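User: I have a model open and would like to go through one of its chains with you. Could you start with the strand pairing?

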Amino acid sequence: MRVVRSLAATNSTFIGLVILIIVFGSLNSRFLTSANAENIVLSVTELAILTAPLALLVISGSVDLSVGSIASVGGVTMGMVMSDTGSLTLGILAGLGFGVVAGAINGGLVAYAGLNPIVVTLGFLAVWGGIAMYLTEGATLFEFPGSFESLGSYRLFGIFPVALLVAVVVIGVSWWILHASRFGKYLYSIGGNERAAFLMGVSVKRVRLAMFVAVGLTSAIAGMLLAVKLGAAAPQAGRGVEIQALTVVLLGGVAFAGGAGRMTGVIAGLLFVGVLQNGLVVVGTSQFLQQFFIGAALLVGIAINDSMGRLVRRGPASPGRDLVDVVHDADTGTAPDGDGQPGPVSRSGEEGLRSAGQHDYEGSGQ
Amino acid sequence: MSTPIVSLENVSVTFGATRALVDESLHIYPGEIIGLLGHNGAGKSTLVNVATGAVAPDRGVMTVDGHNMPLRGRPKALEAAGIKVIHQEPSLATNLRVGENICLATPLERRPKRERKRVAADALASVGAGSISLKAPVGDLSFGQRQLVDIARAHATDLRVIFLDEPTAALGKKETTALHGLLVELAQSGKGVVYVSHRLKDVLELCTRIVILREGRIVMDQENVGITAAALTAALSPSSATPGATHRAGELGAIDDAAKLMVNTPHQTLGFEPGKVTGLFGMAGDRQFDLLESLYGLSRGVDATLGDARFAPSGPRAAVRAGVHYVSADRERDSLIDGMSARDNLLLPWLKQFSRFGVISNRRVRRTYDASRDELSIRGARDIDNISSFSGGNRQKVVIARWMLVSRPRLLLLAQPTQGVDVSARQEIATAVRAAASAGVTVVVASAESDEIDLLCDSAYVCRSEEWRPVPRGVRDFQEQLLAALLA
């Protein structure tokens with residue numbers, strides 16, 4: 001009972017997931033089959049690869065809206081290099097390289113130039129989306145080397161495709177970073193109070209940059225694996241993925257303002273979206289209603305999470321936000337920030353680039 | 001006796017496993033100034049929060065003028081009934097003007113502009129702040145002026161009872177006296193005043209009735225007639241355990257790289273000896289805090305030597321690496337990360353020492369936390385609980401432990417380290433500062449409070465326009481000497 005309670009407390013998405021499975025299962029017996037379970041998991045595999053690191057980025061108080069477009073360009077880059085050179089390896093390396101570069105540009109502009117992450121990545125959502133279309137002239141790329149085909153049909157133990165293996169690794173590493181590593185503590189601290197983290201000597205900029213690079217890299221990987229799955233690199237393959245990914249992150253109980261969230265919640269969010277999309281098809285709902293239901297689930301989920309959180313705060317021992325900071329929030333509701341003087345400083349090693357007294361530390365998160 | 005304006009009866013509040021308030025009652029009569037005393041976590045803030053609607057109690061009844069008031073944690077409803085609260089930090093929007101702030105989120109907002117202006121001006125005048133312009137941006141006002149604007153805001157609409165939480169923590173002597181005068185006037189005009197403070201002297205001078213809370217219970221509630229400071233101290237902490245008695249001084253042992261700090265200013269050179277606690281004393285908002293920040297690399301242009309080497313850190317990271325630790329005066333903004341556990345907040349700068357290949361060793365983290373907890377008697381929730389579930393004084397102890405106990409600094413910079421904490425926490429922090437100094441740490445304390453400098457420091461520099469005037473601790477009263485040097 002306590003376990004259920006704490007799961008419910010941290011994430012109503014778990015409960016929603018169970019309810020969905022029961023509802024769809026009772027509506028259609030085909031839903032509760034192992035073949036369908038496999039469908040569900042495979043349908044969110046590529047999404048999972050970029051969503052897990054994105055959740056970490058959001059926990060650190062940033063966001064990346066360009067993940068879908070990076071995925072598109074990643075897939076297209078791999079396709080074009082493969083077509084030109086006939087080498088799968090070179091194609092993959094090119095795709096990975098692009099992901100790192102795209103992430104580094106985002107991260108550099110946000111962490112070092114102090115620009116707002118929403119603005120920067122909204123810009124690159126359009127820029128990379130446009131470049132993917134331009135490079136391919138809107139056409140989908142086919143006819144790749146045989147090694148590409150065999151990557152697509154490879155199954156470990158006859159069951160697990162490459163994408164699923166990658167997804168398991170990415171989720172595992174993300175979980176480990178968030179809950180066991182030092183880097184994870186830095187992510188929470190920057191998302192929770194960037195200024196305090198900075199004053200404690202956390203290299204806020206380096207952590208930010210690293211996180212954007214990780215998201216760029218995994219987005220490109222997701223894009224390439226999508227191409228592998230489809231057997232073709234489509235320039236619009238990643239369109240709308242950023243919305244799906246952010247929905248999963250928020251459904252997973254990650255605070256959009258940063259500082260809070262758990263990997264288990266994100267996994268629940270992923271499965272929730274997978275089950276919902278699949279279940280609606282299996283029970284024969286119009287596919288045009290899918291978006292509607294996902295949006296509604298997000299709104300209901302957030303509302304329930306929020307009120308659950310409030311209820312649980314009054315009950316016994318739930319680590320995390322509790323009543324005292326509700327009070328604290330109320331206390332500071334109208335005031336602070338006004339004199340939030342930017343702590344003037346630059347990190348060691350770059351002082352030569354900055355003129356004396358220039359303020360180079362900005363609260364660049366939200 | 002007249003009827004009470006506000007009555008709270010049989011109020012109980014629990015936070016998780018903590019019973020913050022146990023079945024207590026409080027009646028506030030017109031014309032009273034109630035001094036509310038208690039150690040950190042004794043339940044003072046909880047009581048104020050219940051009375052002003054910020055916290056919904058588990059049980060309890062509240063009446064205002066004999067009418068039942070639902071206790072559902074609705075601050076708006078209580079505000080409309082004339083029950084106002086002035087927080088330690090004035091709750092004003094610094095980007096708006098004085099007049100706009102006074103009317104903000106009150107029924108006045110719906111009144112015509114001319115009436116708003118008149119009411120706001122009257123309110124300002126009635127709190128003795130008629131000289132502040134309605135058009136002045138709040139961001140330009142001093143701390144004391146902001147507090148007056150906050151009180152004027154409470155006064156602008158119907159005011160019955162006003163709660164003040166540590167209102168003088170950041171005020172100078174003159175401003176404190178003025179505020180006390182204002183509170184007496186408010187009480188004489190029939191309002192109820194509840195004054196939360198750690199300063200026994202202020203409470204004894206000002207209040208008509210004194211209420212002491214201990215562990216969620218009211219242990220004393222009597223008219224302020226013939227009460228002595230000693231009696232208050234006794235009522236505050238009955239357990240005769242003297243603060244710091246369990247203290248094991250210098251557990252980390254003497255540091256082997258003690259270093260003298262020299263700071264060159266345009267006019268003079270200031271020396272700070274290792275093993276000594278040196279104060280920097282000045283008015284609130286004066287240069288003593290800027291000097292500390294520049295030594296931590298938060299602003300450029302400090303000309304200093306630490307030991308034999310020139311010292312000009314490029315930022316906090318470089319400062320910490322050089323063994324320079326800094327406790328900011330603004331704990332919530334600068335020092336703590338809400339949402340992270342107490343032990344993460346304690347150890348965040350030192351995680352490298354507690355991890356191998358990036359993996360944190362929870363066992364060693366816990367052991368270190370326990371050591372700090374015992375040394376500074378940090379009380380309240382568990383180590384894995386959110387830092388914000390601890391009371392203010394215990395949060396401050398976590399910050400102090402982070403920078404003083406977990407890793408010994410060479411140079412320790414403290415900005416008002418005992419501000420807003422209770423008497424026993426103050427003693428515990430003072431003991432820890434002493435222990436650090438006797439281990440060879442160079443300690444610098446910046447403060448706008450002479451009693452804090454007196455408590456902690458061996459000597460001080462007093463900020464006088466351009467220069468710093470050294471004041472050694474002499475035979476005469478140290479505080480008097482400090483103030484004399486400041487005002488001379």
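Analyst: In this predicted model, strand 6 (residues 83-86) of chain B pairs with strand 7 of chain B in the parallel sense over four bridges. Strands are DSSP runs of E with at least two residues, helices are runs of H or I with at least four, both numbered from the N terminus, and two strands pair if DSSP finds at least two bridges between them.

User: What stands opposite B:Val161 of strand 7 in chain B?

Analyst: That is B:Ile83.

User: And which residues of strand 7 of chain B point one way, and which the other?

Analyst: B:Val161, B:Phe163 and B:Asp165 point one way, B:Ile162 and B:Leu164 point the other way, and all are buried; buried here means that 20 or more other C-beta atoms, placed from the backbone, lie within 10 Å of the residue's own. Because five of the five residues of strand 7 (residues 161-165) of chain B are buried, the strand is largely enclosed by the rest of the structure.

User: How many bridges join strand 7 to strand 8 in chain B?

Analyst: Five bridges join strand 7 of chain B to strand 8 (residues 192-196) of chain B, and the two run parallel; among the partners, B:Phe163 is bridged to B:Val194 in strand 8 of chain B. Together with helix 6 (residues 173-188) of chain B, these two strands make a right-handed β-α-β unit, where right-handed means that, with the strands pointing away from the viewer, the path from the first strand over the helix to the second runs clockwise.

User: Switching topic, what is the strand order in the open sheet of six?

Analyst: The order is 16-19-20-13-21-22 in chain B, with mixed pairing. Strand 16 (324-327) and strand 22 (467-472) of chain B stand at the edges with a single partner strand each, so one side of each is left without a neighbour in the sheet.

User: Which strand does strand 16 of chain B run parallel to?

Analyst: Strand 16 of chain B runs parallel to strand 19 (residues 411-415) of chain B, joined by four bridges, and B:Tyr326 has B:Leu413 as its bridge partner in strand 19 of chain B.

User: Zooming out, how many helices and strands does chain B have?

Analyst: Chain B has 17 helices and 22 strands, and buried residues make up 50% of its 488 residues.

Terms used:
Residues are numbered from 1 along each chain as its sequence is written. Chains are lettered from A and ligands numbered from 1 in the order in which they are written. This is a predicted model: local features need pLDDT of at least 70, side-chain atom pairs count only at pLDDT 80 or more; totals for chains, interfaces and linings use all residues. A residue is buried if 20 or more other C-beta atoms lie within 10 Å of its own, exposed if 12 or fewer, and partly exposed in between; C-beta atoms are placed from the backbone.
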